[in-house]
Protein chains: 2
Amino acid sequence: MKKGNPYGTHRVIEPKGSLPQPATKIDNDMEIYDNEILIDVQTLNIDSASFTQIKEEAEGNTEKIKDIMKDIVDTRGKHQNPVTGSGGMLIGTVEKIGPALEGKTDLKVGDKLATLVSLSLTPLRIDEIKEVRKDIDQVDIKGKAILFESGIYAVIPEDIQENLALSVLDVAGAPAQTAKLVSPGDTVAIIGATGKSGMLCLYEAKKRAGITGKVICLDFSEEGLKRAEDLNLADHYIKVDASNAVDVMEKVSEVTNGKMADITINNVNIPNTEMGSILATKNKGLVYFFSMATNFTKAALGAEGVGKDINMIVGNGYTEGHGEIALQILRESKSIREAYEKLYA
Amino acid sequence: MKKGNPYGTHRVIEPKGSLPQPATKIDNDMEIYDNEILIDVQTLNIDSASFTQIKEEAEGNTEKIKDIMKDIVDTRGKHQNPVTGSGGMLIGTVEKIGPALEGKTDLKVGDKLATLVSLSLTPLRIDEIKEVRKDIDQVDIKGKAILFESGIYAVIPEDIQENLALSVLDVAGAPAQTAKLVSPGDTVAIIGATGKSGMLCLYEAKKRAGITGKVICLDFSEEGLKRAEDLNLADHYIKVDASNAVDVMEKVSEVTNGKMADITINNVNIPNTEMGSILATKNKGLVYFFSMATNFTKAALGAEGVGKDINMIVGNGYTEGHGEIALQILRESKSIREAYEKLYA
């Protein structure tokens with residue numbers, strides 16, 4: 001049996017010397033190396049920016065969506081959207097465990113798990129696409145995948161419905177980072193706040209900012225805003241086009257008496273929302289870009305262009321205990337759990 | 001006289017409602033609005049990532065470089081490279097000051113200044129390109145530019161040669177941010193450390209990390225490494241291809257006994273160096289991406305892909321006092337000043 005590298009570099013076909021994520025093509029042969037885990041895949045949960053792009057390209061046509069997805073995997077050996085660069089995650093059952101992992105992993109054959117590393121670096125083979133659930137970015141397939149030794153995962157908890165757990169684990173980084181960033185008394189603006197990731201961020205922001213803080217929920221969807229308000233997740237609810245920077249600034253200014261936000265969290269899955277996030281934030285404040293549609297140069301030069309001394313953070317999908325933190329929200333809040341069961345499971 | 005917006009939104013032609021930086025086309029008519037400053041331009045200092053791309057496209061041919069630059073300004077009304085999205089800065093003389101700025105600005109007609117906002121948002125007209133200084137990314141022109149009310153600038157100091165001040169002010173954000181991030185005892189890895197921005201970062205890192213810290217200088221250029229070593233700017237000097245992530249990791253591991261860097265600063269002006277920066281950094285550490293060649297998605301998914309809980313920061317070209325901090329280095333260090341006079345003035 002061939003010996004593998006912990007980061008999966010042995011699977012990289014092109015370019016040589018790179019890691020699986022930036023690689024343009026990886027080997028998706030399903031014979032495992034000694035430190036790999038073979039997964040029998042059940043469901044793919046496509047990254048929101050990626051799935052939005054695929055749906056647009058397919059003009060909403062389900063068969064076309066399937067073709068685009070298969071084509072991506074055929075070309076790259078992994079489901080990494082060539083336009084957005086992003087992936088998603090998967091749920092499946094452990095089929096084989098490489099002998100080099102013995103004593104190193106708690107997993108056993110038959111365990112149901114969700115991978116918490118991106119599909120953009122996970123060797124994947126799709127044999128058949130069984131169902132496309134367009135409204136929740138989930139796709140049921142027949143196929144196999146490989147988890148590398150460094151790959152993080154979560155065993156699906158007993159007390160939470162499988163698809164719901166997958167939906168929440170997919171965006172676990174955002175609420176977990178929010179929990180770590182927000183302090184009591186902070187004014188927090190969350191842009192794109194009524195989606196799957198946004199509402200979990202609202203919940204954590206409100207919990208951490210507390211009674212002396214202020215949480216501002218911004219979104220374009222009236223339905224979403226109403227839902228967030230019904231769930232009582234924020235102090236202010238504002239309808240705005242996040243790509244209209246000046247409008248975002250003026251509306252945040254209004255509810256903060258011109259003081260602006262200490263922390264702005266961007267969860268919007270469309271381009272050109274960097275500047276609105278920057279202008280919503282006070283000097284010496286912080287912008288956390290969780291959106292995969294963020295453009296690095298637009299953020300960097302945007303802040304400089306308006307002379308704003310703010311800290312801008314690249315959303316890291318992983319932070320210690322992120323799966324635990326995100327799933328815990330479903331246990332703490334009955335109303336969020338009910339809403340997420342309806343929307344995302 | 002027409003009334004202008006502080007951020008220059010009145011100059012945006014396309015798309016409407018956006019700010020000048022993300023706009024694809026702005027108005028470069030040189031009749032000023034009431035809150036604008038007209039500058040008689042002497043020199044453009046093109047952003048390193050942008051100029052590298054232009055030089056490559058022109059295959060090093062000076063006339064082709066001129067054509068590409070003129071074409072960019074004709075199309076966009078500003079010198080924003082359509083490939084990299086980045087700009088640069090300029091040096092010139094104040095020609096006119098809008099009446100609405102009276103009492104608000106210390107500037108007077110005839111002052112020589114450097115704009116510290118990016119060319120990617122500055123209305124610019126090029127009448128003639130006089131000289132292209134390919135080795136230092138500077139281009140002398142005959143032309144005019146507009147500084148918006150929110151635009152930051154520095155009056156050229158008396159005690160520092162003009163072109164040298166411009167060169168240093170162009171990258172002022174990087175050493176200033178380094179100064180603010182590094183604490184005594186930190187291990188700091190600087191990738192792309194022997195360029196204009198890199199050496200100033202090395203200097204600040206060494207000053208702040210102090211005798212108990214460790215500064216690691218990584219670069220591809222042997223000449224650059226020798227120069228940095230002659231200037232005694234770091235504790236270790238490593239030749240490496242920054243896009244070879246695994247190699248970067250192994251070499252940093254070697255000089256840190258496997259502990260890796262607390263802070264990694266990326267100044268590399270080529271793509272695909274995100275992963276090397278991530279792997280060079282210890283868990284809970286920090287990566288500061290100053291390079292405009294950084295890809296947001298590659299950074300975000302890269303860290304997640306290898307399960308690294310690190311903080312990744314988008315380099316903000318502006319931080320309070322950045323011009324002062326950068327110029328001060330030239331006053332503090334005679335050897336850096338001499339080297340920069342030779343290399344960048």
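Below are my entries, one topic at a time.

**Ground rules**

I'm working with a predicted model, where local features need pLDDT of at least 70, side-chain atom pairs count only at pLDDT 80 or more, and totals for chains, interfaces and linings use all residues. Residues are numbered from 1 along each chain as its sequence is written, chains are lettered from A and ligands numbered from 1 in the order in which they are written, and side-chain values use heavy atoms, with hydrogens and water left out.

**Entry 1: chain B against chain A**

I started with contacts, meaning heavy atoms within 4.5 Å. I found 54 residues of chain B touching 54 residues of chain A. Next I looked up buried area, which is the accessible area (1.4 Å probe) that two parts lose on being put together, summed over both.

Which charged groups pair up across here? I used the salt bridge rule: a side-chain nitrogen of Lys or Arg within 4 Å of a carboxyl oxygen of Asp or Glu. The rule gives four salt bridges between chain B and chain A. One of them joins Lys180(A) and Asp309(B), with the closest N and O atoms 3.9 Å apart.

I then asked which elements make up the chain B side. Helices (H or I, at least four residues) and strands (E, at least two) are DSSP runs, numbered from the N terminus. Helix H7 (245-255), helix H8 (274-279), strand E13 (281-289), helix H9 (296-305) and strand E14 (311-314) of chain B each give at least two residues to the side touching chain A. H9(B) has the largest share, 10 residues.

**Entry 2: a strand pair between the chains**

I checked strand pairing, which needs at least two bridges found by DSSP. Strand E14 (residues 311-314) of chain A pairs with E14(B) in the antiparallel sense over three bridges. Within that pair, I saw Val314(A) opposite Met312(B).

**Entry 3: the two domains of chain A**

The domain bounds come from an automatic or database domain assignment. That assignment gives chain A domain 1 (9-156) and domain 2 (173-344). Their centres, taken over C-alpha atoms, are 28 Å apart. Domain 1 of chain A puts 10 residues into the contact and domain 2 of chain A puts in seven.

How much area is buried between domain 1 and domain 2 of chain A? I got about 680 Å², of which carbon and sulfur atoms give 58%. Ala49(A), Ile136(A) and Ile152(A) supply 46% of what domain 1 of chain A buries there, more than any other three residues. Helix H1 (residues 48-57) of chain A brings three residues, the largest share of the domain 1 side.

Where are the cis peptide bonds I looked up? One runs from Glu14(A) to Pro15(A), with omega near -10 degrees. Pro15(A) lies in the loop between strand E1 (12-14) and strand E2 (25-26) of chain A. In chain B, the bond from Glu14(B) to Pro15(B) is cis too, with omega near -10 degrees.

Last, I noted that Glu59(B) has a positive phi of about 50 degrees, although it is not a glycine. Glu59(B) sits in the loop between helix H1 (48-57) and helix H2 (62-76) of chain B.
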